[in-house]
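User: I have this model open and want to go through it piece by piece. Please keep the answers plain.

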Amino acid sequence: MRLSIKYLLGCLALLFLLPACKGNDEIEEATLDLSTEKLTFAKEASEQTLTVSTNKESWSALSPQEATWLSLTQEGNTLKVRTEANDLGHDRVGSVIVNAGGLQKRVTVRQASGDVVLATDLERLVFPIEGGTKKVVFESNTTAKVEIGAEASWLKLAEVTKSSFTLAAERNESDAPRSVKIVITAGAQLKEIEVTQDG
């Protein structure tokens, strides 16, 4: 009888000790689920919300690149993503990284382009017989393409930047004046400048 009581007490002691012997390998792994991994915004300033589900007490979110047009607000298990109005002539893409217990998920954020702007006050440009160079300035919120409209070996296009270009005309050895059109294209916007040279 005494032997069975000792045996019983020994078993009870083991039962109390077993929970204290749990190893680190039994720590619960982090889980992280997002209601979406892609957010698409119109060109206007707006806000969208996504839900964050995790078994961790806390989580964080950040935008890894210098996306000043994106702002984030955490409230409970929701993340509010806000974009400023896009006045650029092209789409912009950013991302948000959500982190919980070392587990990360990325959300791709895309915003539609604003209306393309292309403006120049210049409609006509005149070179003297001697030729020379002239700088043309324009305004655009996206990359513009500048082309000489037709084959004109006497006129060269140089130093094209985001908002200007330079034209170089050779001397006109003929008595007749000559002309060609310069075409500036940005998205669906198009501007033409007529370039003439005296004869």
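**Working through the model**

User: Which residue in the turn of the β14 and β15 hairpin has a positive phi?

Analyst: That is Glu-159, with a phi of about 50°; the hairpin has 5 residues between its two strands. Strands (E, at least two residues) and helices (H or I, at least four) are DSSP runs, numbered from the N terminus.

User: Before I go on, what sort of model is this?

Analyst: It is a predicted model: local features need pLDDT of at least 70, side-chain atom pairs count only at pLDDT 80 or more, and totals for chains, interfaces and linings use all residues. Residues are numbered from 1 along each chain as its sequence is written, and side-chain values use heavy atoms, with hydrogens and water left out.

User: Which way does β11 run against β15?

Analyst: Antiparallel, with 6 bridges between β11 (residues 132-137) and β15. Thr-133 faces Ala-168 there.

User: Is β15 mostly covered or mostly open?

Analyst: Mostly covered, with 5 of its 6 residues buried. Buried means under 20% relative accessible area, exposed over 50%, and partly exposed in between (1.4 Å probe, protein chains only).

User: Where is Asn-172?

Analyst: Asn-172 sits in the loop that links β15 (164-169) to β16 (178-186).

User: Why does Asn-172 count as buried, and what is its relative accessible area?

Analyst: Asn-172 counts as buried because its relative accessible area is 4%, and the cut-off is under 20%.

User: What do the polar atoms of its side chain meet?

Analyst: One polar atom of the Asn-172 side chain lies 3.0 Å from the backbone nitrogen of Ser-174. The backbone oxygen of Asp-198 also has a polar atom of that side chain 3.0 Å away. A polar contact is a pair of N or O atoms within 3.5 Å; within protein, one must be able to donate a hydrogen and the other to accept it, and residues adjacent in sequence count only if both atoms are side-chain atoms.

User: Which residues does Asn-172 touch, not counting those up to four places away in sequence?

Analyst: Ile-129, Pro-177, Arg-178, Gln-197, Asp-198 and Gly-199. Contact means heavy atoms within 4.5 Å.

User: Different topic. In what order do the strands of the mixed sheet come?

Analyst: The order is β10-β17-β16-β13, and the sheet is open. β10 (124-127) and β13 (145-148) are the edges: each has a single partner strand, so one side of each lacks a neighbour in the sheet. From one strand to the next the twist averages 20°. For such angles, axes are lines fitted to C-alpha atoms, for helices over the stretch in contact, and values run from 0 to 180 degrees between N-to-C directions.

User: Do β10 and β17 run parallel or antiparallel?

Analyst: Parallel, through 4 bridges, with β17 covering residues 189-197. Arg-124 is placed opposite Glu-194 in β17.

User: And the antiparallel sheet, what is its order?

Analyst: β1-β3-β6-β5, again an open sheet of 4 strands. β1 joins β3 (residues 46-54) by 3 antiparallel bridges, and Asp-33 has Ser-53 in β3 as its bridge partner.

User: How many residues are in the largest nonpolar core?

Analyst: It has 19 residues, and those with the most contacts inside it are Leu-155, Phe-165, Leu-167, Ile-182, Ile-184 and Val-195. β10, β15, β16 and β17 each supply at least two residues of this core, and β16 gives the largest share, 4 residues. Apart from it lies another core of 18 residues, among them Leu-34, Leu-50, Val-96 and Val-98. A nonpolar core is a set of buried Ala, Val, Leu, Ile, Met, Phe, Trp, Tyr and Cys residues joined through side-chain atoms within 4.5 Å.

User: Last one: is His-90 buried, partly exposed or exposed?

Analyst: His-90 is partly exposed, at 38% relative accessibility. His-90 lies in the loop between β6 (78-83) and β7 (92-100). Setting aside neighbours within four places in sequence, its contacts are Ser-113, Asn-141 and Thr-142. The C-alpha atoms of His-90 and Gly-187 are 8.8 Å apart, with the two residues 97 apart along the chain.

Methods: Pairing = 2+ DSSP bridges.
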